[in-house]
Amino acid sequence: MKEIGTVQSISANMATVVFDRHEACGSCRACTPLEGEKQMVAKLKNPVGAKVGDRVAVELKGKSMLSATAIAYGVPLIMLIIGAVVGDGLNRSHHIGEAASALVAIGFALMGYGILKLLNPLFAKKGEFSPVICDIIESEE
């Protein structure tokens, strides 16, 4: 997936890039919303040496995007299913009731989101799911 943005600032080998937000972004939150969520800002690797004011192409490889989506939705879903099975087992053995069983399932789903939150620094460090500036479209010079 490619997006076009404008370099707002440079720090070492990183560039802060501002984009117009598209519907495809959904509620991804990989970028930070600006101006009522019409624009997004992200701090990205700058291997092409873009400068402040440059219009740049930013890319997140398709494989990385699919993997990130699978992890973001899959982990909580799997935990929800595990929670539903555990909750049903508790309901059958200890008669906790269906509402409590559902709460167990929701609790497991929330643990799935917690696991993702804990793993986020590891994903960020690897940079595997991070978009990268791949080309300078229009230089400020």
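User: Is strand β2 mostly covered or mostly open?

Analyst: In this predicted model, strand β2, which spans residues 14-20, is mostly covered, with five of its seven residues being buried.

User: Which strands does β2 pair with, and how do they run?

Analyst: Strand β1 (residues 2-11) is joined to β2 by six bridges, and the two run antiparallel, while seven bridges join β2 to strand β4 (residues 39-45), again in an antiparallel arrangement.

User: What sits across from Phe 19?

Analyst: Phe 19, in β2, is the bridge partner of Gly 5, and Phe 19 also stands opposite Met 40 in β4.

User: And what about the turn between β1 and β2?

Analyst: The two strands form a hairpin with two residues between them, and Ala 12 in that turn has a positive phi of about 55°.

User: Switching to the helices: where is Gly 87, and is it buried or exposed?

Analyst: Gly 87 is found in helix α1 and is buried, its relative accessible area being 0%.

User: What is Gly 87 in contact with, beyond its sequence neighbours?

Analyst: Once the neighbours within four places in sequence are left aside, Gly 87 is in contact with Ile 96, Ser 101 and Val 104. As for Ala 99, which is 12 residues away along the chain, its C-alpha atom is separated from that of Gly 87 by 9.5 Å.

User: How many salt bridges are there in the whole structure?

Analyst: A search of the whole structure finds one, and it is formed by Asp 88 with Arg 92, whose closest N and O atoms are 2.8 Å apart.

User: Are they buried or exposed?

Analyst: Asp 88 is partly exposed, with a relative accessible area of 33%, whereas Arg 92 is exposed, with a value of 64%.

User: Which residues make up the nonpolar patch on the surface?

Analyst: The patch is formed by Leu 77, Leu 80, Ile 81, Val 85, Leu 103, Ile 106, Leu 110 and Tyr 113, which together have about 810 Å² of accessible area.

User: Which helices supply it?

Analyst: Helices α1 and α2 (98-126) each supply at least two residues of the nonpolar patch. Tyr 113, for one, lies in helix α2 and is partly exposed, with a relative accessible area of 49%.

Methods:
Residues are numbered from 1 along each chain as its sequence is written. This is a predicted model: local features need pLDDT of at least 70, side-chain atom pairs count only at pLDDT 80 or more; totals for chains, interfaces and linings use all residues. Side-chain values use heavy atoms; hydrogens and water are left out. A salt bridge is a side-chain nitrogen of Lys or Arg within 4 Å of a carboxyl oxygen of Asp or Glu. Buried means under 20% relative accessible area, exposed over 50%, partly exposed in between (1.4 Å probe, protein chains only). Helices (H or I, at least four residues) and strands (E, at least two) are DSSP runs, numbered from the N terminus. Two strands pair if DSSP finds at least two bridges between them. Patches are made of residues with over 30% relative accessible area and no salt bridge: like charges are joined within 9 Å, nonpolar side chains (Val, Leu, Ile, Met, Phe, Trp, Tyr) within 5 Å. Accessible areas come from the Shrake-Rupley method with a 1.4 Å probe; for residues, only the protein chains shown count as cover. Contact means heavy atoms within 4.5 Å.
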